[in-house]
Amino acid sequence: MLSINTKAPQFSASDQTGTVRNLSDYLGKWVVLYFYPKDDTPGCTKEACSLQDSYTELEKLGAVIIGVSKDSIASHQKFAAKYHLKFPLLADETKEIINKYEAWGSKKFMGKEYEGTLRITYLIDTTGVIRKAYLKVNPLTHVSEIIIDLKSLL
């Protein structure tokens, strides 16, 4: 996990529409940068839909949502279309952003250990500084935590 109150690493990647997104594009806004394992899987779908359900509230608080996984642009296109996601999903097939944000690591599923994308979210302030990091995110309650923290930081 990256340290709180440090500059967030810059990134540049294409989203589901093919638009290149850079962290610097969002200076002046709060950024909810969330890392998730795989498009259209149960936990990742719950998390994305929960964020989408709170999209307007987060927007009113001056925040944007950006999702990152190692899935392809084509996979992100299908996922975003299926669940009507309004926010960018960055395709990080080389895991460059995932590694910069320390969101790759050891995981366990059904007794097996393997390497994969960790479900981590960073709340980045309007100047590009990490203000909060969420580890071991619960996809169902995560957004309420972000909103409470964002309101307390404004």
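The largest cavity holds about 30 Å³ of space. A search of the whole structure finds one cavity of 30 Å³ or more. Here, a cavity is a set of points, on a 1 Å grid over the protein atoms alone, where a 1.4 Å probe fits but cannot get out; grid points are joined across faces, edges and corners, and the volume is the space filled by probe spheres set on the points. The model is predicted, with local features needing pLDDT of at least 70 and side-chain atom pairs counting only at pLDDT 80 or more, while totals for chains, interfaces and linings use all residues. Residues are numbered from 1 along each chain as its sequence is written, and side-chain values use heavy atoms, with hydrogens and water left out.

Which residues line the largest cavity? They are Leu 23, Tyr 26, Leu 27, Lys 29, Val 31, Ile 124, Asp 125 and Gly 128 (each has an atom within 4 Å of a point). By class, five are nonpolar, one is polar and two are charged; in this scheme Leu, Tyr, Val and Ile count as nonpolar, Asp and Lys as charged, and Gly as polar.

Attention now turns to helix 1. Its twelve residues reach 16 Å from first C-alpha to last, close to the 16 Å expected at 1.5 Å a residue, where the expected span is 1.5 Å times one less than the number of residues. Helices (H or I, at least four residues) and strands (E, at least two) are DSSP runs, numbered from the N terminus. The buried residues of helix 1 are Cys 44, Thr 45, Glu 47, Ala 48, Ser 50, Leu 51 and Gln 52. Buried means under 20% relative accessible area, exposed over 50% and partly exposed in between (1.4 Å probe, protein chains only). Among the elements that cover these buried residues are strand 3 (30-35), helix 3 (73-83) and helix 5 (142-153).

Gln 52 counts as buried because its relative accessibility is 13%. Leaving aside neighbours within four places in sequence, Gln 52 is in contact (heavy atoms within 4.5 Å) with His 84, Leu 85, Lys 86 and Phe 87. The Gln 52 side chain also reaches the backbone nitrogen of Lys 86 at 2.7 Å.

Most residues other than glycine have a negative phi. Glu 102, however, has a positive phi near 55°, and Lys 136 has one of about 50°. Glu 102 sits between helix 4 (96-100) and strand 6 (104-109) and is partly exposed at 35%. Lys 136, between strand 9 (130-134) and helix 5, is exposed at 82%.

Key
A polar contact is a pair of N or O atoms within 3.5 Å; within protein, one must be able to donate a hydrogen and the other to accept it, and residues adjacent in sequence count only if both atoms are side-chain atoms. On a 1 Å grid over the protein atoms alone, a cavity is a set of points where a 1.4 Å probe fits but cannot get out, and a pocket is an open set with protein on both sides within 12 Å along at least five of seven lines; lining residues have an atom within 4 Å of a point.
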